[in-house]
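Please keep the structure in view while reading.

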Amino acid sequence: MAISIPRPALLAAAAVLVLGAGLTAGADTAADDAYAAGTIASAPPAKTGSAVGALFAKGSHFCTASVVHSGDGDLVLTAAHCLQDGMAFAPGYHDGVAPFGMWTVTGVAVADGWTSSADPDLDFAFLTVHQAGNPASLESLTGANVLGTERGFEHRITLTGYPDTTDSAVVCEGNTTRSDTDQLRVACPGFPDGTSGGPWVADGAVIGVIGGYQLGGDTPDVSYSAYFDDDIAKLYASVTA
């Protein structure tokens, strides 16, 4: 479902832009198996409940995001309509606890069509994150999903999001269908404001995020996503080159 926030300042297409400072990074982190950067297929598997987290700004969580595989291990995916200044990401957030601490958002990348006209078919954004004083990459701690593009419209997915009125995630398994030329739809109950940006995961690949049509939907029981095609593939390539 959509979240209502002011539209951010215009962002350059496929550019990583520095945003305002986020929340203070936490220190409660844990090491994972050694991770060697490689191709998109070599991502360490996302740990249950760890690669998905809540986006914070001004002391409260307001959207959802997830870790996506990258060579530097610092890339997060969310909906473009979630963007605002001063964001921080709390992977694995639950019951008011951020087990891996807060990761400051240091840059964002969106497609040009979102910047110019908020095209619902381009409602996705990549965030780069950093945790002060932590030499480990985010991905090495939480694992990651690979980015799935051009996968078709019908899938069995796991959908995860953080309602802005609770401190734990809601999770649903559902079947996606085609809603429009470049939109996916899934009927999953209980995804209100705050779940925007939540990943649609099928077989270890994120194939969508809550967003797109009506900024994700006007009811908490039906969610939408922009279809992940060449547009997001090009944006991903621009931030991982």
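In this predicted model, Cys172 has a relative accessibility of 13% and therefore counts as buried, the cut-off being 20%. Its partner is Cys188, to which a disulfide joins Cys172 with an S to S distance of 2.1 Å. Cys172 belongs to strand β9 (residues 170–180), whereas Cys188 sits in the loop between β10 (183–187) and β11 (199–202), so the bond ties together parts that lie 16 residues apart in sequence. Cys188 is likewise buried, because its relative accessible area is 0%. The torsion about this S-S bond is about -80°, which means that the disulfide of Cys172 and Cys188 is left-handed.

The count of disulfides comes to 2. The other one is formed by Cys63 and Cys82, whose sulfur atoms are 2.0 Å apart. Since Cys63 lies in strand β2 (residues 60–67) and Cys82 in the loop between β3 and β4 (88–91), this pair connects parts 19 residues apart in sequence. With a torsion of about -75° about the S-S bond, the disulfide of Cys63 and Cys82 is left-handed. Both Cys63 and Cys82 are buried. When the bonded cysteines are numbered in sequence order, the pairing reads 1-2, 3-4.

Strand β8 (residues 156–161) contains Thr160. This threonine counts as buried because its relative accessibility is 12%. Leaving aside residues up to four places away in sequence, the contacts of Thr160 include Val52, Thr64, Val171 and Phe191.

Attention now turns to a helix. Within α3 (residues 230–240), the residues Ile232, Leu235, Tyr236 and Val239 are buried. They cover an arc of only 100° around the axis, and therefore lie on the same side of α3. The buried residues of α3 pack against the strands β3 (75–78), β5 (103–110), β6 (125–130) and β7 (146–147).

Taken as a whole, the chain holds 3 helices and 13 strands. Of its 241 residues, 53% count as buried. Among contacts between residues at least 6 apart in sequence, 72% join residues at least 24 apart.

The pLDDT of the chain averages 83, and 80% of the residues score at least 70. Over residues 2–42, however, pLDDT stays under 50.

Note on methods:
Residues are numbered from 1 along each chain as its sequence is written. This is a predicted model: local features need pLDDT of at least 70, side-chain atom pairs count only at pLDDT 80 or more; totals for chains, interfaces and linings use all residues. Side-chain values use heavy atoms; hydrogens and water are left out. Buried means under 20% relative accessible area, exposed over 50%, partly exposed in between (1.4 Å probe, protein chains only). Helices (H or I, at least four residues) and strands (E, at least two) are DSSP runs, numbered from the N terminus. The arc is that of the directions from the helix axis to the C-beta atoms. Contact means heavy atoms within 4.5 Å. pLDDT is the predictor's confidence in each residue, from 0 to 100. A disulfide is a pair of cysteine sulfur atoms within 2.5 Å.
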